[in-house]
Amino acid sequence: MGFSIRFAKKDDMRQVLDLIMELADYEKELDAVEVSVEQLQSDGFGERPKFKCFVAEHNEKIVGIALVYMRYSTWKGEVLHLEDLIVSEIMRGSGLGTALLNEVVKYGHGLGVKRIGWEVIDWNEPAIGFYEKKGANVMRDWDVVQLDEKGIENYINAI
């Protein structure tokens, strides 16, 4: 199966959102997706882009993405965060995930970052195995902490 990888364009965001929805469905969180095509276009391609996105194409269809953005670590300085690496179900096992991760690592290396980080859901053993095989340290002793929109409101109202 042949595919090519490139930086996303503004017009790609409809297909990018379709892949985001595919991932949300896989993770049984379909109702949690609030981002729109318009927001992705504005956030990724406005005056100050908030993210970079690699897309993988096969037969003129986007079948994989890797979305990244910069963060700052108090221990390391600038680091790259991989928000999502998504490979469409029909392309799993084709080497596409490796190719996308390769692009992310090359991009981070080119930026001179000290770390590239991301999360993986604890029950997604295929993804965990994939990342460990690539040499990533899956830190199972750390928990992800978040305040969602309602949590932020509750917090603000309590202070």
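**Entry 1: Lys106 and Glu103**

I looked up Lys106 and found it in a salt bridge with Glu103, with the closest N and O atoms 3.0 Å apart. A salt bridge here is a side-chain nitrogen of Lys or Arg within 4 Å of a carboxyl oxygen of Asp or Glu. Both residues sit in helix 3 (residues 96-111), three residues apart, so about one helical turn separates them. I noted that helices (H or I, at least four residues) and strands (E, at least two) are DSSP runs, numbered from the N terminus. Lys106 is exposed at 53% relative accessibility, and Glu103 is partly exposed at 24%. Buried means under 20% relative accessible area, exposed over 50%, and partly exposed in between (1.4 Å probe, protein chains only).

**Entry 2: what I'm working with**

This is a predicted model, where local features need pLDDT of at least 70 and side-chain atom pairs count only at pLDDT 80 or more, while totals for chains, interfaces and linings use all residues. Residues are numbered from 1 along each chain as its sequence is written, and side-chain values use heavy atoms, with hydrogens and water left out.

How many salt bridges does a search of the whole structure find? I got six. One of them joins Glu57 to Arg6, with 3.1 Å between the closest N and O atoms. Glu57 is in strand 2 (residues 52-58) and Arg6 in strand 1 (residues 4-7), so this pair ties together parts that are 51 residues apart in sequence. Glu57 is partly exposed, at 23% relative accessibility. I also saw that Arg6, Asp12 and Glu57 are linked in a salt-bridge network.

Next I checked Asp43 and Lys50, whose side chains meet in a salt bridge at 3.7 Å, N to O. Asp43 counts as buried at 19%, whereas Lys50 is exposed at 56%.

**Entry 3: positive phi**

I found a positive phi, near 55°, at Lys28, which isn't a glycine. Lys28 is in the loop between helix 1 (13-26) and helix 2 (37-45), and is exposed at 72%. Glu60 has a positive phi too, about 65°, and isn't a glycine either. Glu60 sits in the loop between strand 2 and strand 3 (61-73) and is exposed at 75%.

**Entry 4: a nonpolar patch**

Which residues form a nonpolar patch on the surface? I listed Leu147, Ile152, Tyr155, Ile156 and Ile159, with about 550 Å² of accessible area together. Patches are made of residues with over 30% relative accessible area and no salt bridge: like charges are joined within 9 Å, nonpolar side chains (Val, Leu, Ile, Met, Phe, Trp, Tyr) within 5 Å. Areas come from the Shrake-Rupley method with a 1.4 Å probe, and for residues only the protein chains shown count as cover. Ile159 is in the segment after helix 5 (149-158) and is exposed, at 72%.
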